[in-house]
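Here is a short tour of one protein model. Take a look at the sequence and the structure before reading on.

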Amino acid sequence: MLLSPSLRVLDSLKLAYTHSANSQIDIRTDEQEENISNISGNNEDEIKLKKNDSLKKTESDKRKLKKFFENLYSYFHSDILFKDTKMTNYKLTLTVMTKYLIALELIHEFGGKSEKIETEQRFFTYLPITGCYKNNNVKGCCLNIVGDFLRLAQNGFKEYKFDYTRKKFEQLQHDALISTIACMLNINWKESERHYFKTLLLNSLHYLGWTSFSELDDKLNTLVEQLNDKVKRLKQPASTLKSQLDYFVHQMCDAFKHSLIKREKKNFANSAREGQIIYSSIAKVGYCYVISVTSKNEYCLARPGFDWSDQGSEYINHFGDTIYNPLSLNGMIIVDV
C-alpha cells in the first residue's frame with residue numbers, strides 16, 4: 001500500500017513544490033534555450049509552430065487538471081457521500097487520503113498560475129482562484145472537494161495493522177490539516193461566503209485535528225508554526241492571505257478552543273438563532289451555519305459537504321434524494337465567532 005501509485009505521485013508533487021522560485025526560473029530558462037537551439041533558423045513559421053505546440057500542451061494540462069478534480073468530486077459526492085446518506089460504516093482509507101492530498105498539492109501548484117501566450121497577447125490561467133461553485137477554480141474545489149472530504153471524515157479513519165502504515169497515515173492526516181487550512185486562507189472570500197470560510201476551518205480542526213481541549217492546547221503552537229511555514233511557500237498568495245491567517249490564529253482557534261471546553265463541560269445551548277454557527281453531533285452535522293429556525297426548534301443548516309440546493313442557493317443539510325427537511329436539535333454548542 002505504501003508503494004501505491006497515488007502515494008508516489010503525492011511524494012513527487014511535494015518534492016516539486018519545495019523547489020525555490022529561483023530554481024524554477026532557471027529550469028524555465030533552460031527549457032527556453034533548448035527550444036531555441038532546436039530551431040534551425042529564423043523562420044517565423046517554425047517559431048510559431050513551437051508556440052502553438054506550447055499552447056496546446058498548456059490547454060491539455062488544464063483539461064487534465066479539471067478532469068482530475070471532477071472525477072475526485074464525483075467519487076466523494078456520488079459514489080460515497082450521497083450513495084448512502086447514513087454512511088454508518090464508512091471510514092477514510094489511506095488511499096482516499098492520498099488522493100485528497102494530491103488534489104490539495106495541485107491546487108497549491110496551479111491555483112492562480114498563469115503563462116503568457118505570446119501568439120495571442122494574453123495570459124493563460126491553469127486554475128482560476130474564483131468563479132462559480134464548480135470544480136474548475138480554487139474556490140469551487142475548496143467548497144466541493146474539501147467540503148465533501150470533511151464530511152467523509154465524520155466516522156474517522158481506517159485502522160491499519162502495521163505500525164509503520166499507521167504512522168504514515170497519521171502523518172498524512174496532519175499534512176491534510178495544514179494543507180487544507182492553507183487552501184482556505186489563500187482565497188478572497190466575499191462577505192456572503194464568510195460562513196463557508198468559518199465552517200470549513202472549524203470542521204478542518206475538528207475532523208483532521210483534535211477533539212479534546214488538552215490535545216489542542218498542547219499542539220496549537222506547533223500547528224501555527226507549521227501553517228506559517230506552509231503559507232510562506234505558497235506560490236500565488238491572495239491579497240487577503242495575511243489578514244486571514246491572523247484571523248484564523250487569533251479568533252478561529254480561540255473559538256474552536258471554547259467550543260471544545262463547552263462540549264467537555266456539557267454546556268449545551270437549547271436553541272440558536274439565524275446567522276449563528278453551531279456544533280452538533282446529532283446526525284453528525286459538525287460545525288454548521290444556521291439558515292433558519294422553525295417554531296418547533298427545527299433547523300435548516302448549511303456547510304460545504306451538504307448537498308447544493310438550487311432553490312436555497314446554499315449547501316443545505318440533505319435527507320433523501322430531493323427533500324430538504326429541517327433538523328430537530330435539542331442541544332448544541334454555539335460558536336462565538
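The model is predicted, so its local features are described only where pLDDT is at least 70.

Start with α4, which spans residues 94-110. This helix has 17 residues. From its first C-alpha to its last it reaches 24 Å, close to the 24 Å expected at 1.5 Å a residue. α4 is mostly covered, with 15 of its 17 residues buried. Just after α4 comes Gly112, with a positive phi of about 80°.

Now turn to α7, residues 194-209. It has 16 residues and reaches 21 Å between its end C-alphas, close to the 22 Å expected. Of the 16 residues of α7, 15 are buried, so this helix is largely enclosed by the rest of the structure.

Three helices each supply at least two lining residues: α6 (163-185), α7 and α8 (213-232). Which of them gives the largest share of the lining? It is α6, with six residues. By class, the lining of this pocket has seven nonpolar, five polar and six charged residues.

The model also has two cavities of 30 Å³ or more. The table sets them side by side.

| Cavity | Volume | Lining by class |
|---|---|---|
| Largest cavity | about 90 Å³ | five nonpolar, four polar, one charged |
| Second largest cavity | about 30 Å³ | five nonpolar, two polar, two charged |

The largest cavity is lined by Ile107, His108, Gly111, Ile129, Val138, Cys183, Asn186, Leu234, Lys235 and Gln236.

The second largest cavity has another set of lining residues: Tyr73, His77, Leu143, Asn144, Asp148, Phe306, Asp307, Trp308 and Tyr315. The elements that give two or more residues to this lining are α3 (44-81), α5 (138-152) and β5.

**Three residues and their contacts**

Phe76 is found in helix α3. Is Phe76 buried or exposed? Its relative accessible area is 0%, so Phe76 is buried. Leaving aside neighbours within four places in sequence, Phe76 is in contact with Leu81, Val96, Tyr100, Ile145, Asp148, Phe149 and Leu152.

Gln173 sits in helix α6. At 17% relative accessibility, Gln173 counts as buried, because the cut-off for buried is under 20%. Gln173 touches Met97, Phe157, Tyr207 and Leu208, not counting residues up to four places away in sequence.

Gly275 lies in the loop between α9 and β3. Its relative accessible area is 38%, so Gly275 is partly exposed. What does Gly275 touch, not counting residues up to four places away in sequence? The residues are Tyr289 and Val290. Gly275 and Val290 are 15 residues apart in sequence. Their C-alphas are 5.4 Å apart in space.

Most residues other than glycine have a negative phi.

Lys266 has a phi near 55°, a positive value in a residue other than glycine. Lys266 lies in the loop between α9 (241-264) and β3 (277-280). With a relative accessible area of 65%, Lys266 is exposed.

Ser313 has a phi near 50°, again positive in a residue other than glycine. Where is Ser313 placed? Ser313 is in the loop between β5 (298-309) and β6 (314-316). It is partly exposed, with a relative accessible area of 45%.

Terms used: Residues are numbered from 1 along each chain as its sequence is written. This is a predicted model: local features need pLDDT of at least 70, side-chain atom pairs count only at pLDDT 80 or more; totals for chains, interfaces and linings use all residues. Side-chain values use heavy atoms; hydrogens and water are left out. Helices (H or I, at least four residues) and strands (E, at least two) are DSSP runs, numbered from the N terminus. Buried means under 20% relative accessible area, exposed over 50%, partly exposed in between (1.4 Å probe, protein chains only). Ala, Val, Leu, Ile, Met, Phe, Trp, Tyr, Cys and Pro count as nonpolar, Asp, Glu, Lys and Arg as charged, and the others, Gly among them, as polar. On a 1 Å grid over the protein atoms alone, a cavity is a set of points where a 1.4 Å probe fits but cannot get out, and a pocket is an open set with protein on both sides within 12 Å along at least five of seven lines; lining residues have an atom within 4 Å of a point. Grid points are joined across faces, edges and corners, and a volume is the space filled by probe spheres set on the points. Contact means heavy atoms within 4.5 Å. The expected span of a helix is 1.5 Å times one less than its number of residues.
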